[in-house]
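User: Please go through the model below with me, one question at a time. I would like the cut-offs stated as the terms come up.

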Amino acid sequence: MKRFPTAFGAWATEMLDELIFRRELVTVGEKASVYNSQLRRRFLPGVIFAGAEGPKQASESGMSLLEWRGEGGKTLIYLCRDGACEIPVSHPDEVMDSQV
């Protein structure tokens with residue numbers, strides 16, 4: 001630890017990645033990039049972010065995580081765990097309330 005003091009944080013993050021379930025935050029809609037930026041400011045270990053500006057872009061992305069997501073005119077955030085997504089919410093604060 002004396003030689004590489006910052007390595008502890010890297011190892012701790014790696015351990016968290018192995019011990020906790022991976023979660024995905026999928027944001028689809030006009031405000032997707034804004035909402036993802038707000039969510040990324042928070043410490044959310046083990047969270048994978050994906051986003052698209054609308055349903056059409058989501059389905060054309062080729063990413064299975066984005067397929068069949070979104071509704072026209074709304075920005076929705078899906079919290080997914082183990083391949084299943086919860087009911088989407090419309091604001092980043094609501095995601096944080098659902099214990100990301």
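Analyst: This is a predicted model, where local features need pLDDT of at least 70, side-chain atom pairs count only at pLDDT 80 or more, and totals for chains, interfaces and linings use all residues. Residues are numbered from 1 along each chain as its sequence is written, and side-chain values use heavy atoms, with hydrogens and water left out.

User: What pattern does the protein follow along the sequence?

Analyst: Helices (H or I, at least four residues) and strands (E, at least two) are taken as DSSP runs, numbered from the N terminus. The protein has 4 helices and 4 strands. Read along the sequence, they follow the pattern α-β-α-β-α-β-β-α.

User: Which residue of β2 stands opposite Thr-27, and which residue of β3 stands opposite Leu-25?

Analyst: Leu-25 stands opposite Leu-79 in β3. On the β2 side, Thr-27 stands opposite Gly-51.

User: What is the handedness of the β-α-β unit?

Analyst: A crossover is right-handed if, with the strands pointing away from the viewer, the path from the first strand over the helix to the second runs clockwise. The unit consists of β1, α2 and β2. Its handedness is right-handed.

User: How far apart in space are Ser-33 and Gly-51?

Analyst: Ser-33 lies in helix α2 and, at 42% relative accessibility, is partly exposed; buried means under 20% relative accessible area, exposed over 50%, and partly exposed in between (1.4 Å probe, protein chains only). Ser-33 and Gly-51 are 18 residues apart in sequence. Their C-alpha to C-alpha distance is 7.0 Å.

User: Which residues form the largest nonpolar core?

Analyst: A nonpolar core is a set of buried Ala, Val, Leu, Ile, Met, Phe, Trp, Tyr and Cys residues joined through side-chain atoms within 4.5 Å. In soluble globular proteins, nonpolar side chains tend to be buried together. The largest such set here has 9 residues: Leu-25, Tyr-35, Leu-39, Leu-44, Val-47, Ile-77, Leu-79, Val-89 and Val-95.

User: How many of the residues of β3 are buried?

Analyst: Across the protein, buried residues make up 31% of the 100 residues. β3 is largely enclosed by the rest of the structure, because the buried count for this strand is 5 of the 6 residues.

User: With which residues is Ile-77 in contact?

Analyst: Contact means heavy atoms within 4.5 Å, and neighbours within four places in sequence are left aside. Ile-77 belongs to the largest core. Its contacts are Leu-25, Val-26, Thr-27, Tyr-35, Leu-39, Pro-88, Val-89, His-91, Pro-92 and Val-95.

User: Which backbone nitrogens lie within reach of the Thr-75 side chain?

Analyst: Thr-75 is placed in the loop between α3 (55-60) and β3, and is buried at 10% relative accessibility. A polar contact is a pair of N or O atoms within 3.5 Å; within protein, one must be able to donate a hydrogen and the other to accept it, and residues adjacent in sequence count only if both atoms are side-chain atoms. The Thr-75 side chain reaches the backbone nitrogen of Glu-30 at 3.3 Å, and a polar atom of that side chain lies 3.1 Å from the backbone nitrogen of Lys-31.

User: Which residue in the turn of the β3-β4 hairpin has a positive phi?

Analyst: The hairpin has 2 residues between its strands. The positive phi, about 50°, belongs to Asp-82.

User: What is the handedness of the disulfide?

Analyst: A disulfide is a pair of cysteine sulfur atoms within 2.5 Å; Cys-80 and Cys-85 form one, with the sulfur atoms 1.9 Å apart. Cys-80 is buried at 1% relative accessible area, whereas Cys-85 is partly exposed at 30%. Cys-85 in β4 is also the bridge partner of Cys-80. The torsion about the S-S bond is about 90°, so the disulfide is right-handed.

Notes:
Two strands pair if DSSP finds at least two bridges between them.
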